[in-house]
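Student: I would like to learn how to read the computed features of a structural model with some care. Could we work through one together?

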Amino acid sequence: MKHFFKKGDIIIIVCAAVLCALLFLPRALQKDGDLIAKIYENGELTKEINLSCVTESYEIKINGAVLLIENGAVSYKEADCPDKTCVGFGALTKAGDTASCVPNRTVVTVTKKKSNSKIDIITY
Amino acid sequence: MAMKNEKAKKAAVAVCVLSAVFVVAFLVMADIFHKPLRETDKYSVAMGTVITQRLFSRSDAAKECDDIDEIINSLENKISWRKEGSPIYSLNKNNTAGCDEELSDIFSRSRAVYDASSGAFDITVGRLTTLWNIGEETASVPDENEIASALSFVDGSKIDVSDGAVTSESGQLVDLGAVGKGLACDKVREYLEKTDISRAVISVGGSVLLYGENDKAEKWSVGVRDPRGESDEYMGVLSVSDCCVSTSGDYERVLQKDGKTYHHILDPKTGYPSDSGLISVTVVSSSGFMSDALSTACFVLGREKGEKLLSLFDAEGLFIDSEKNVCVTLGLKDFFTLTSDKYVLSGDAQ
C-alpha cells in the first residue's frame with residue numbers, strides 16, 4: 001500500500017473524508033421526527049429552525065411580526081397587521097400546521113423530515 | 001522482479017479504476033431509477049391568501065416554484081378589481097375595458113354558470129361585497145336601503161363582450177374573487193404541462209390543483225376542512241388525482257355583530273349572506289375555474305339545486321349542512337372517506 005499512495009495522497013483522501021463527514025453531519029444528526037419550522041417572507045424561505053432542539057424560548061422579528069420560538073412550537077406573538085388573524089392561529093406544534101400573516105406576506109409552516117401525515121393537502 | 005512489481009501495480013490501479021467506474025455508474029443508475037422523487041415546497045402570499053406549492057421531480061424545482069408565483073401574481077394583476085391598471089379596475093371605473101381572449105373566455109364561462117345557476121353565481125356582486133366588506137377592518141352590517149341600492153346594480157346579464165372590449169352598466173362593479181383562485185389553478189396546470197414536473201399539488205387559498213398522482217404514484221389524499229373545527233382539522237378525505245378541488249364555507253371570513261355571525265358568501269338575490277342551510281360545499285372538477293365558481297353557486301343554491309347544477313358541468317360535489325349531514329354525489333362516493341364522528345354521511349345524493 002505504501003508503494004501505491006504517497007504521503008500527500010493520504011492527506012488529500014483524509015481531508016476529503018473529513019469534508020464529506022462535515023457536510024453530512026448536520027443532516028445525519030437531524031432526527032426524522034424533529035419538527036422543523038420553515039419561515040417564509042415575501043415568498044422566500046428565510047429561516048429554518050429545528051423546534052425540537054430549542055432549549056430556551058426566544059423571539060424573532062419577521063416582516064412586521066414577532067414569532068415566538070419554543071421547544072416543539074412556533075407562534076405569531078404579535079404583528080402590526082390590522083386584523084391579527086396570524087396571532088389567532090396560536091401555537092403550531094405538529095407537522096402540517098401552517099399560519100400566515102397575509103398583510104405582512106409571511107407564512108410559517110411546521111414540517112418533519114419524514115412526515116407521517118395521512119393527507120397531502122386540505123381544501124378549505 | 002521490478003518488472004513483475006510494475007505489472008502488479010498497473011493491474012491493481014486498473015482494477016481500482018474499473019471498480020470506481022462501476023460504483024459510480026451503479027450510484028447514478030440507482031439515483032435515476034430508485035431514488036424517491038424530490039419534493040420542493042414553497043409558501044407565499046398572493047390574491048390575499050396563502051399559496052402552497054409541493055412539486056415532485058428528479059431535481060430541485062425552485063425555479064418552477066418561482067415561476068408559479070410569478071404566474072399567480074401576474075393573474076392577480078390582471079383580474080383583481082383592486083389593482084389599479086387592471087382591466088377589471090378600468091371596467092369598474094369606466095364601464096368599459098379592453099378584453100383579450102383570456103378575459104373574454106372568463107366572462108363567457110362566468111355567464112354560463114350565471115345562467116345555469118339562475119344568478120346564484122354572479123360576478124357583478126361587487127357593490128354588495130364592497131358594501132359588507134366582510135373580512136376587512138371596515139366590515140359592517142348595512143341597512144336595508146343600502147342593500148336594496150347595491151342590489152339594483154347586480155345583474156350578470158348586463159356584461160357584454162364584443163369587438164375586443166367588455167362593457168358593464170353604469171354603477172356596476174365586477175368582482176372575479178369567486179373564480180380567481182380556481183383560475184390560478186388552471187394557469188399553473190398550463191405551465192406545469194410545459195415542464196418536466198409530473199406530480200404536484202398547489203393550493204391557492206384552499207382551491208387545490210392536483211397535478212398527476214402523488215409521489216407514491218397513488219391518488220392524492222385531500223382533507224376536506226372541518227367547517228366547525230380548527231383551520232387544520234378535516235372531517236373527511238377525498239382520494240383524487242388530475243383535477244381541481246374548491247371549497248366554499250361559512251367559516252372562512254366572518255363578521256360578528258350584536259351576537260350574530262355573518263359569513264362572506266353573499267346571495268346575489270337577497271344581498272345578505274347566503275342562507276341555504278349549507279355550511280360547506282366542496283366541488284371536484286377538471287377545471288379550477290369551474291370548481292371555484294360551482295362551489296360558490298352550490299353554496300348559495302342549496303343541496304338539491306346544487307347537485308343539478310353540478311351534473312350540467314360534469315362536476316362532483318360534497319355538501320355539508322348545518323345539522324352536520326354530509327351528502328356526496330354519486331361519482332365521488334367511492335372516493336370519499338368520512339373520518340370525523342361529528343358528521344353523518346347520508347346516502348341520498350344522486
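The dialogue below moves from the whole chains to single residues.

Student: What should I know about the origin of the model and its numbering before reading any value?

Tutor: This is a predicted model, in which local features need pLDDT of at least 70 and side-chain atom pairs count only at pLDDT 80 or more, while totals for chains, interfaces and linings use all residues. Residues are numbered from 1 along each chain as its sequence is written, chains are lettered from A and ligands numbered from 1 in the order in which they are written, and side-chain values use heavy atoms, with hydrogens and water left out.

Student: Which scores does the model carry, and what pLDDT does chain B average?

Tutor: pLDDT is the predictor's confidence in each residue, from 0 to 100; chain B averages 93, and 94% of its residues score at least 70. The model as a whole has an ipTM of 0.86 and a pTM of 0.82.

Student: How many helices and strands does chain B have, and what is the pattern in chain A?

Tutor: Helices (H or I, at least four residues) and strands (E, at least two) are DSSP runs, numbered from the N terminus. On that basis chain B has nine helices and 17 strands, whereas chain A has two helices and eight strands, arranged along the sequence as α-β-β-β-β-β-α-β-β-β.

Student: What does the radius of gyration of chain B look like beside the globule rule?

Tutor: The radius is taken over C-alpha atoms, and the rule is 2.2 Å times the number of residues to the power 0.38. A compact globule of 350 residues would come out near 20 Å, but chain B has 26 Å, and its C-alpha atoms fill a box of roughly 110 × 50 × 40 Å along the principal axes.

Student: Is S110(B) buried or exposed, and which residues does S110(B) touch?

Tutor: S110(B), in helix α4 (residues 101-116), counts as buried because its relative accessible area is 3%. Neighbours within four places in sequence aside, S110(B) is in contact with F121(B), I123(B) and F289(B).

Student: Where does K308(B) lie, and is K308(B) buried or exposed?

Tutor: K308(B) belongs to helix α9 (residues 303-312) of chain B, and with a relative accessible area of 59% this lysine is exposed. Its C-alpha atom is separated by 21 Å from that of S108(B), 200 residues away along the chain.

Student: What phi do N133(B) and D242(B) have?

Tutor: Most residues other than glycine have a negative phi. N133(B), not a glycine, has a positive phi of about 55°; N133(B) sits in the loop between α5 (126-132) and α6 (144-151) and is partly exposed at 21% relative accessibility. D242(B), also not a glycine, has a positive phi of about 50°; D242(B) is in the loop between β9 (234-240) and β10 (243-249) and counts as exposed at 53%.

Conventions:
Buried means under 20% relative accessible area, exposed over 50%, partly exposed in between (1.4 Å probe, protein chains only). Contact means heavy atoms within 4.5 Å.
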